[in-house]
Amino acid sequence: QIAASNWGKTWLSSWKTSSALSMEAAIQKIYKDHPAEDVEEINLDNRCQAPRVSGLAKYVNLRSLSLNNIGLQTLEGFPELPHLEQLELGDNKIQAGLDSLVQAKLHELDTLKLGGNRIKTLKDLQPLSQLKKLKVLDLVDNEVTKLADYREKIFGSLPDLEVLDGADREGNAVDDQEDEDDNEEEEEDNEEEGEEDAEFGNSVGQEGEEEDEDEDVEEEEGEEEEAGEEEEDEDDEEEDEGNEEGEPARPPPSGNAARRGGR
């Protein structure tokens, strides 16, 4: 049963490897519609199976590259990416060969994540001292982390390093940069929503003021109309009075008429 179980695991692993895309094929599939010189970030996590890095040489403006859990066994032949700032190589099978990153002239690299690999000795990490801008290093779940005074020795060999395995030199936890970026984006979104709400409130207030102004104008126009009507009425009354004053007096009845009236 044990032999059958091991055979099943081996077959499943072999099937996954044979059915997975190569790195070149994964890059072509995901980034085919983007000019290489415009691509600044590539993420191939869990999207291919590749024992070594390939197909990335033309992406010279990359700033972030994530190759987590793709079966990497070596970094030999890593391409020159002079603008690369963040490199993630977690959950692979890398044991050594970090000097390939130095040969690739990663002069701008400040974050390197190698958690979940097979690095065993401090000697394997010595090439990293030549990456002068390296500030953040992750080696969680590597054998080297079990060595005595591991943290002190790493910080001693990398004087410019600020964060190791998520903690600073004093052992204080440090938020991951991605979390910080997410928090900053959330704060920016909240600020934008607040500005939109404020603009909406201002627009509503302005509409209310405009409505009040319109009402005031209508009241003034109504008062003017009433005043005009009153003036017209006064003019009509004056005209009626003038007519009454200007009517001629009726002459007295003649004598004959008076006599007839007497009879």
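Student: What should I know before I start reading the model?
Tutor: This is a predicted model, where local features need pLDDT of at least 70, side-chain atom pairs count only at pLDDT 80 or more, and totals for chains, interfaces and linings use all residues. Residues are numbered from 1 along each chain as its sequence is written, and side-chain values use heavy atoms, with hydrogens and water left out.

Student: What is the mean pLDDT of the protein chain?
Tutor: The mean is 81, and 62% of the residues reach 70 or more. pLDDT is the predictor's confidence in each residue, from 0 to 100.

Student: Which residues have pLDDT below 50?
Tutor: Residues 9-18 do, and that stretch has one contact in the model beyond near neighbours in sequence. Contact here means heavy atoms within 4.5 Å. Where pLDDT is low, the predicted coordinates should not be read in detail.

Student: Okay, new topic. How many helices and strands are there?
Tutor: The protein chain has six helices and six strands. They are DSSP runs numbered from the N terminus, with helices being H or I of at least four residues and strands being E of at least two. Along the sequence the pattern reads α-α-β-β-β-α-β-β-α-β-α-α.

Student: How do the strands line up in the sheet?
Tutor: The six strands make an open sheet in the order β1-β2-β3-β4-β5-β6, with parallel pairing. β1 (41-43) and β6 stand at the edges with a single partner strand each, so one side of each has no neighbour in the sheet. Two strands pair if DSSP finds at least two bridges between them.

Student: What holds paired strands together, in general?
Tutor: Strands of a sheet pair through backbone hydrogen bonds, either parallel or antiparallel. In this model, β5 and β6 pair in the parallel sense over two bridges. Val-163 in β6 is the bridge partner of Val-136.

Student: What share of the residues is buried?
Tutor: Buried residues make up 25% of the 263 residues in the protein chain. Buried means under 20% relative accessible area, exposed means over 50%, and partly exposed is in between, using a 1.4 Å probe and protein chains only.

Student: Which residues of α4 are buried?
Tutor: In α4 (residues 150-157), Tyr-150, Ile-154 and Phe-155 are buried. Down the helix axis they fall within an arc of 120 degrees, so they line one face of α4. That arc is taken from the directions from the helix axis to the C-beta atoms. These buried residues pack against β5 and β6 (163-164). The face turned away from the buried side carries the exposed residues Glu-152 and Gly-156.

Student: And which ones are buried in α2?
Tutor: Met-23, Ala-26, Ile-27 and Tyr-31 are buried in α2 (residues 23-31). They fall within an arc of 100 degrees seen down the axis, so they line one face of the helix. What covers them includes β1.

Student: What does Tyr-31 touch?
Tutor: Leaving out residues up to four places away in sequence, Tyr-31 touches Glu-41, Ile-42, Asn-43, Leu-44 and Tyr-59. Its relative accessibility is 11%, so Tyr-31 counts as buried. The side chain of Tyr-31 reaches the backbone nitrogen of Asn-43 at 2.9 Å. A polar contact is a pair of N or O atoms within 3.5 Å; within protein, one must be able to donate a hydrogen and the other to accept it, and residues adjacent in sequence count only if both atoms are side-chain atoms.

Student: Let's switch to Asn-117. Where is it?
Tutor: Asn-117 is in the loop between β4 (111-113) and β5 (136-138). Asn-117 counts as buried because its relative accessibility is 6%. A polar atom of its side chain lies 3.3 Å from the backbone nitrogen of Asn-92, and the backbone nitrogen of Lys-93 also lies 3.3 Å from a polar atom of that side chain. Residues touching Asn-117 include Leu-89, Gly-90 and Asp-141.

Student: Is Asp-141 buried or exposed?
Tutor: Asp-141 counts as exposed because its relative accessibility is 64%. Asp-141 lies in the loop between β5 and α4, and has a positive phi of about 65 degrees although it is not a glycine.
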